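Here are a few notes to read alongside the model, written for someone meeting such a structure for the first time. Please keep the 3D view open while going through the points.

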Amino acid sequence: MAASLEDVPSESLLSEVLRRLRCSSKPDKRLILIGPPGSGKGTQSPIIKDEFCLCHLATGDMLRAAVVAKTPLGIKAKEAMDNGQLVSDDLVVGIIDEAMKKASCQKGFILDGFPRTVAQAEKLDEMLQKQGTKIDKVLNFAIDDAILEERITGRWIHPSSGRSYHTKFQPPKVPGVDDITGEPLIQRKDDTAEVLKSRLGAFHRQTEPG
Ligand SMILES: Nc1ncnc2c1ncn2[C@@H]1O[C@H](COP(=O)(O)OP(=O)(O)O)[C@@H](O)[C@H]1O
């Protein structure tokens, strides 16, 4: 349940009002970010999201939350994710279809990690047609495989916000701890050199434009 407004500090209320005013003058935007694991989609998304008042729909983050919560979706997705393979199109199409209805997507969205197959792209076209909207831009993060392993194996994540850090390139102020909330950081189970090979294989075979 939402907290009573009386309990919300005036400063937070005011900054939320200011945020909504600033957002009301922004144009709608619907973006797709494409790129291999570690290419920077998850780093750029929160920056673009805040600037344009969009929602950030990262299928990987949503699937990981479902795995942790052991929902039926999470139970079905876990094995493929642990092995660096794609989960079935039906599962991810369902979560995107649902997520796009959120109020926070009113001014548009950033799709991060979706679509990843031709079938998913076709389903997305159908969803957009039903909504009477279209994609404004696709950003392709073209990064050589050779530099991705160091990025992925040194990466630490703050699960609830999706913020990511790197032991060498962007260390947190205190090792293992999120700068903003002070909560613990985790390493993703699939962020190993071995599982990265499968994830890159899936990217080149199934996602990358031919
Ligand atoms: N659109 C998708 N279709 C199928 N599987 C997906 C999709 N998005 C995420 N996944 C699953 O979640 C895993 C993690 O995805 P993600 O967080 O986007 O990581 P990355 O881009 O770094 O590999 C993928 O390896 C895959 O198993």
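**Notes on rings and helix packing**

1. In this predicted model, Lys26 lies over the face of Phe52, at 5.8 Å from the ring centre. Lys29 also lies over the face of Phe52, and its distance from the ring centre is 5.1 Å.

2. How many aromatic pairs does the structure hold? The count is 0, although Phe52 does have the charge of Lys29 placed over its ring.

3. Helix H5, residues 89-99, packs with helix H6, residues 118-131, at an angle of about 30°, and the two axes are 10 Å apart. Because angles under 35 degrees count as roughly parallel, H5 is roughly parallel to H6. The crossing in which H5 passes H6 is right-handed.

4. On the H5 side, this contact is made by Asp89, Val92, Val93, Ile96 and Asp97, while H6 contributes Ala119, Gln120, Lys123 and Met127. Sorted by class, the contact of H5 with H6 has 5 nonpolar, 1 polar and 3 charged residues.

5. Is helix H3 roughly parallel or roughly perpendicular to H5? H3, residues 59-68, and H5 pack at an angle of about 105°, with axes 11 Å apart, and this makes H3 roughly perpendicular to H5.

6. The residues that make the contact are Thr59, Met62 and Leu63 from H3, together with Val92, Ile95, Ile96 and Ala99 from H5. By class, the contact of H3 with H5 divides into 6 nonpolar residues, 1 polar residue and no charged ones. Val92 and Ile96 of H5 take part here, and Val92 and Ile96 also belong to the contact with H6.

Terms used:
Residues are numbered from 1 along each chain as its sequence is written. This is a predicted model: local features need pLDDT of at least 70, side-chain atom pairs count only at pLDDT 80 or more; totals for chains, interfaces and linings use all residues. Side-chain values use heavy atoms; hydrogens and water are left out. Axes are lines fitted to C-alpha atoms, for helices over the stretch in contact, and angles run from 0 to 180 degrees between N-to-C directions. Helices (H or I, at least four residues) and strands (E, at least two) are DSSP runs, numbered from the N terminus. Angles under 35 degrees count as roughly parallel, over 145 as roughly antiparallel, 65 to 115 as roughly perpendicular and the rest as oblique. A crossing is left-handed if the near helix is turned anticlockwise from the far one by less than a right angle, and right-handed if clockwise. Contact means heavy atoms within 4.5 Å. Ala, Val, Leu, Ile, Met, Phe, Trp, Tyr, Cys and Pro count as nonpolar, Asp, Glu, Lys and Arg as charged, and the others, Gly among them, as polar. Rings of Phe, Tyr and Trp (its six-membered ring) pair if their centres lie within 6.5 Å; planes under 30 degrees apart count as stacked, over 60 as edge-to-face and the rest as tilted. A charge sits over a ring if NZ of Lys or CZ of Arg is within 6 Å of the ring centre and within 35 degrees of the ring normal.
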